[in-house]
Every structure is written in structure tokens, then in C-alpha cells.
Amino acid sequence: MREAPADDACPRGSSRVYGKARSGSTPVRPLSSSAEAPTTAFQGGPSAVSGGGSGGKGGPRTPSRSWRPKRPGRLAVRILVGLLVVLLVLAIGGYFVISSRLDKVAALEDYEGRPAATAGTNWLLVGSDSREGLTKAQRKKLATGAAVGRRTDTMMLLHIPDGDGRPTLVSLPRDSYVPIDGHGSDKLNAAYAFPDGGPKLLARTVEKVTGLRLDHYMEIGFGGFVGIVDAIGGVEINVPQAIKDRKAGINLKKGLQVMDGGTALGYVRTRATGAIPDFDRTQRQRQFFSAVVKQAASPGVLINPFTSIPLALSAADSVGVGEESGVFNLLSLALAMGGNPVTTVVPIGSLPTINGQAVVKWDQTKALRMFKALAEDKPVPKDVLPK
């Protein structure tokens with residue numbers, strides 16, 4: 001009978017693992033049911049991710065972190081940033097395009113005795129009766145006639161205060177009888193029509209009779225007038241009375257209505273109303289100008305590229321501005337007109353006939369009070385405003 005091996009020859013609990021002697025003296029235990037199942041990166045919770053228990057020794061190799069879906073918020077942010085970049089590029093490009101197309105006019109200049117700079121910002125807004133750019137058919141359709149040269153059909157002074165006050169828009173009747181350098185006294189619009197006149201002489205005349213230093217000048221002719229109105233899809237005007245004027249090419253009913261460029265042009269030009277036609281004209285001109293700017297600055301126009309782009313290009317091609325003015329100045333003008341400005345006319349004293357011409361003489365006392373208030377950036381006294 002063979003003797004059993006000594007204990008030290010074959011230790012208890014010893015075995016061979018893959019042909020090598022197993023270390024340790026504990027008995028070999030069968031695998032648990034959980035160990036028999038294959039382990040993946042998504043099983044076992046945190047231990048599977050961290051390497052299978054303490055130190056991750058002995059367990060299967062797993063990814064250092066689990067996969068997570070992309071957050072939809074990040075995609076939205078990227079899209080928004082991309083849109084903002086595109087809009088910024090378009091805005092910068094549009095600024096340079098419009099700036100390059102603006103017609104610059106030499107209107108404001110220094111001269112001996114020029115008023116000192118005053119508070120606020122003062123614009124001289126001029127509407128000329130220039131037919132430049134209109135074809136023969138367009139002149140016939142718009143009933144503008146075929147007069148050559150240029151005369152000022154509309155003149156308004158816009159004061160924009162430095163603070164939060166309301167802007168003031170003052171009509172200067174074209175028949176105002178005022179002193180004009182080198183020509184004695186004459187109608188205000190003559191300063192523009194004289195052979196040696198034009199924007200410079202007109203601006204100088206306005207500065208001297210008002211005591212206000214002008215900061216900006218803007219001018220528009222018949223063709224530009226029509227183009228801007230059509231670019232914004234027409235302008236809404238409340239017509240106080242029915243007007244039929246074949247010379248102006250209009251036949252309007254009383255009440256609120258949307259006018260296209262040609263109709264609006266006839267509306268502000270007609271002399272077929274009122275005992276003093278020029279006063280009615282100045283009132284309609286202020287009404288129209290305010291309506292156009294408010295419509296142009298409305299969100300429905302500004303955020304719609306099909307209206308804002310044609311408007312910007314039409315304005316750039318149609319409007320003449322002083323050499324000191326640019327796109328941002330025009331934007332400031334638009335914002336001011338959208339701020340519910342006070343609209344009025346220079347106080348009138350009398351309507352005499354001088355040298356065979358019917359003229360308008362200002363009420364000097366009230367007119368000086370009006371312009372003094374504007375020079376001091378204050379509201380115009382209520383007793384000065386015509387009723």
C-alpha cells in the first residue's frame with residue numbers, strides 16, 4: 001500500500017492555474033453567478049466604469065467615461081451665434097454700401113458772424129422741386145410740369161434736444177420775407193434759386209434769421225420723394241378734407257388712406273385748399289414727413305429685408321446730405337422723428353404785398369422767443385405756438 005504524501009509535499013488547498021502553481025493556501029471557490037455573466041461597459045454601475053471595485057484590479061477593462069448624448073441647447077447657441085455673425089457682416093457691409101452711395105452736398109460753411117454752436121442738434125430739411133431723374137412720362141404722370149432748375153418747395157428746421165425732451169419740427173414758409181446776403185430782403189426760397197445761391201446761401205440765411213447754428217443739412221427732390229414712399233409700401237395719411245387738384249394730379253376723399261409716392265407728392269404740393277394755401281401746405285408737409293419717418297422706422301419695415309433694403313438704397317440714391325453728415329446721423333434723425341415731435345410753424349405777423357409779390361412776415365417777438373428756447377434746448381413756450 002502506497003503511503004500518502006507528507007503535508008509539506010502537497011499543501012492543502014493548492015492547485016495549478018494554467019500550468020502554474022497557485023499561490024496562497026485558501027481553498028479554491030467556485031465562481032458566483034454574477035461572475036459567470038459577461039461584463040460590459042454599461043453593467044455593474046460605477047464599478048464597471050471605475051475598473052471593477054477597489055483599484056480596478058482583476059476586472060475587465062472598460063472605457064474611462066460613459067457616452068452621453070449632445071445637449072440640444074449647445075446646438076441652438078451655435079446657430080444663434082452664427083446668425084448674429086451673419087447679421088453683423090451684413091450690417092457692416094450695408095453701412096459701407098449706403099455710405100458710398102450718399103450724395104454729399106456742400107451746404108454748411110463758416111463765415112464771419114456765424115452763430116455759435118448751441119445745445120442740441122439742428123437739421124435744415126429741404127424739399128426741392130427738382131425734376132432731375134424723372135422721365136418725360138414720369139413728369140406727366142406725377143403732374144410735376146417741365147420746369148428747369150431747382151427751387152425749394154419745402155423748408156423745415158428740426159431741433160433734437162440733448163436730453164429726453166421732444167424734438168421740435170418748425171416749418172419755414174418759402175414766402176418768408178427775410179434778409180439775404182448780397183440780395184437785400186426777399187422770399188426765403190430765393191436764397192436757393194439765385195444764380196449765386198443754392199444750399200450754402202440758403203443755410204446761411206436760415207442761420208442768420210433764426211440765430212441757430214445748423215449741424216446737418218438734408219435735401220430731397222421729387223423723384224427721391226416718390227421712390228422713398230413706394231419703397232416703404234406707401235404712407236398712411238388722414239386727409240382732413242376732400243381735395244381735387246388737376247395741377248397736382250390728385251383727387252382725394254376725406255379720411256384715413258394709404259397713398260403711394262405719386263399721390264403723396266401731389267398731396268403735399270397742392271395749393272387748392274385754405275384761404276392761405278402756403279400755410280396749409282406747410283401743415284401737410286409736416287404731417288407727411290412725420291408719417292414717412294414713422295413708417296420707415298416701424299419694425300414691420302426695418303426687420304423685413306424686402307422693404308428695409310430697397311428703402312435704404314432708395315434713400316441713399318435720393319437724399320442729399322451735408323458733407324458733415326453720414327448714415328448714423330440719418331438714423332438719429334429717423335429716431336428723433338419717431339419720438340412724437342412737436343410740429344409747428346414759425347409765428348406769422350402779417351401777409352403784405354411787397355414789389356408786387358405776396359410775402360409772409362414773421363412775428364419777430366414770438367419768432368425770437370421760439371428760436372431762443374431752441375438755442376437753450378428748452379421747450380418752445382406754448383403761447384408762441386400757433387393755434
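**Close-up 1. Helix α13, from end to end.** In this predicted model, helix α13 takes in residues 364–375, 12 residues in total. From its first C-alpha to its last, α13 reaches 16 Å, close to the 16 Å expected at 1.5 Å a residue. What comes after the helix? α13 is followed by Asp 377, and the phi of Asp 377 is positive, near 60°.

**Close-up 2. The buried face of α13.** Look here for Ala 367, Met 370, Phe 371, Ala 373 and Leu 374, which are buried in α13. Viewed down the helix axis, the buried residues of α13 fall within an arc of 155°, so they line one face of the helix.

Close-up 3. The model has 1 aromatic pair, counting rings whose centres lie within 6.5 Å. The rings of Trp 362 and Phe 371 have their centres 6.0 Å apart and their planes at 45°, so the pair is tilted. Are these two residues buried or exposed? Trp 362 is buried, with a relative accessible area of 9%, and Phe 371 is buried too, with a value of 2%.

**Close-up 4. The open sheet.** Here 7 strands line up in the order β3-β14-β9-β4-β5-β6-β15, with mixed pairing. At the edges stand β3 (103–105) and β15, each with a single partner strand, so one side of each is left without a neighbour in the sheet. Going from one strand to the next, the twist averages 25°.

**Close-up 5. β4 beside β5.** Zooming in on the sheet, strand β4 (residues 121–128) pairs with β5 in the antiparallel sense, over 8 bridges. To find your place, pick out Trp 123: its bridge partner in β5 is Leu 158.

**Close-up 6. Helices packed on the sheet.** Helix α6 packs on the sheet, where it touches β3, β4, β5 and β9 (216–220). The direction of α6 makes about 130° with that of β4. Helix α11 (residues 305–318) packs on the sheet as well, touching β3, β9 and β14 (319–322). The direction of α11 makes about 65° with that of β14.

How values were computed:
Residues are numbered from 1 along each chain as its sequence is written. This is a predicted model: local features need pLDDT of at least 70, side-chain atom pairs count only at pLDDT 80 or more; totals for chains, interfaces and linings use all residues. Side-chain values use heavy atoms; hydrogens and water are left out. Helices (H or I, at least four residues) and strands (E, at least two) are DSSP runs, numbered from the N terminus. The expected span of a helix is 1.5 Å times one less than its number of residues. Buried means under 20% relative accessible area, exposed over 50%, partly exposed in between (1.4 Å probe, protein chains only). The arc is that of the directions from the helix axis to the C-beta atoms. Two strands pair if DSSP finds at least two bridges between them. Axes are lines fitted to C-alpha atoms, for helices over the stretch in contact, and angles run from 0 to 180 degrees between N-to-C directions. Contact means heavy atoms within 4.5 Å. Rings of Phe, Tyr and Trp (its six-membered ring) pair if their centres lie within 6.5 Å; planes under 30 degrees apart count as stacked, over 60 as edge-to-face and the rest as tilted.
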